[in-house]
Amino acid sequence: MLIAGNWKMHKAAPDEARALSESVVDAVGAPEVQVAVCPPFTGLAAAAEALDGAPVHLGAQNMHAEGEGAFTGEVPAGALRAYDCRYVILGHSERRAYYGETDDDVAEKARQALRRELVPIVCVGESLEERRDGRAQDVVARQVQTALDGLPIGDPSRLVVAYEPIWAIGTGESAEPEQAQEMHAFIRETLIEQHGESVGGAVQILYGGSMKPHNAEALLAQPDINGGLIGSASLEGESFAGIVEAGEQVT
Ligand code: PEP
């Protein structure tokens with residue numbers, strides 16, 4: 001079980017990132033599940049200092065697929081490792097929608113993340129229109145297949161997939177637990193087809209989209225929901241810790 005906070009473009013200044021990291025460390029105590037926070041790039045150094053020795057991992061929200069070069073404004077995987085990042089979120093729907101990231105981009109980034117020993121948290125999920133048209137599984141299957149086909153994972157702990165239905169992100173309207181479970185089971189089958197039972201059967205699949213302390217337990221209790229990717233509820237230590245506690249209740 002992994003509970004990961006996606007801070008998006010919040011708490012980006014070093015003092016803000018340090019304060020929230022410290023508050024998360026205090027609030028989660030000695031967690032019985034895996035916990036991670038993903039600040040903006042400019043908060044990574046301060047967050048890394050604040051998390052030093054604590055049972056909370058660090059992650060980033062994006063990276064470039066190349067190791068270095070003339071890519072103004074971009075950040076390579078190697079630099080994230082230098083801050084002790086364990087995770088990197090890839091293909092978040094906001095990056096797909098606002099910055100034109102494609103499934104192929106996500107595939108290249110995921111390959112580079114693995115090369116640099118980062119664990120990619122690969123985000124997939126359908127829009128409301130795609131769900132209403134009955135295309136949700138087709139969209140998610142395409143995203144998973146393109147991003148992860150042929151990826152040399154080897155060990156299931158080297159990859160995390162996050163199912164984030166776009167209509168549930170930041171809306172306060174989470175998917176129903178059974179609805180989320182149905183898609184998670186479908187993603188699980190797809191991963192097993194791609195990577196075999198031993199890897200595909202054990203990769204953590206997180207749910208993301210308005211997960212809060214009050215609805216987390218019902219979602220996390222589903223058999224194929226192995227954790228949460230948390231947006232707004234990760235911006236306060238107490239609410240984030242409430243979701244961590246829900247994860248502890250069901251493991
Ligand atoms: C997210 O953007 O990854 C997310 C899950 O956001 P929220 O929890 O705010 O819906």
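**Stop one: a strand residue**

Select A36 and show what surrounds it: leaving aside its neighbours within four places in sequence, A36 is in contact (heavy atoms within 4.5 Å) with L2, I3, A4, G5, V56, H57, Y87 and F240. Before going on, some housekeeping: this is a predicted model, where local features need pLDDT of at least 70 and side-chain atom pairs count only at pLDDT 80 or more, while totals for chains, interfaces and linings use all residues. Residues are numbered from 1 along each chain as its sequence is written, and side-chain values use heavy atoms, with hydrogens and water left out.

A36 sits in strand β2 (residues 34-38); helices (H or I, at least four residues) and strands (E, at least two) are DSSP runs, numbered from the N terminus. Is A36 buried or exposed? Its relative accessible area is 0%, so A36 is buried; buried means under 20%, exposed over 50% and partly exposed in between, with a 1.4 Å probe and protein chains only.

**Stop two: across to α5**

Now jump to K109, 73 residues from A36 along the chain, with 20 Å between the two C-alpha atoms. K109 is one of the buried residues of α5, along with D103, V106, A107, A110, Q112, A113 and L114. Colour the whole helix, residues 103-115: its 13 residues reach 19 Å from first C-alpha to last, close to the 18 Å expected (1.5 Å times one less than the number of residues).

**Stop three: α5 meets α7**

Keep α5 and α7 on screen. Their axes come within 7 Å and cross at roughly 40 degrees, which makes α5 oblique to α7; angles under 35 degrees count as roughly parallel, over 145 as roughly antiparallel, 65 to 115 as roughly perpendicular and the rest as oblique. Axes here are lines fitted to C-alpha atoms, for helices over the stretch in contact, with angles from 0 to 180 degrees between N-to-C directions. For the contact itself, select D103, D104, V106, A107 and A110 of α5 plus R142, Q143, T146 and A147 of α7.

**Last stop: α7**

In α7, pick out the buried A136, V139, V140, A141, Q143, V144, A147 and L148. Among the partners these pack against are α6 (128-132), β6 (160-163) and α8 (177-200). Finish at G150, which follows α7 and has a positive phi, near 75 degrees.
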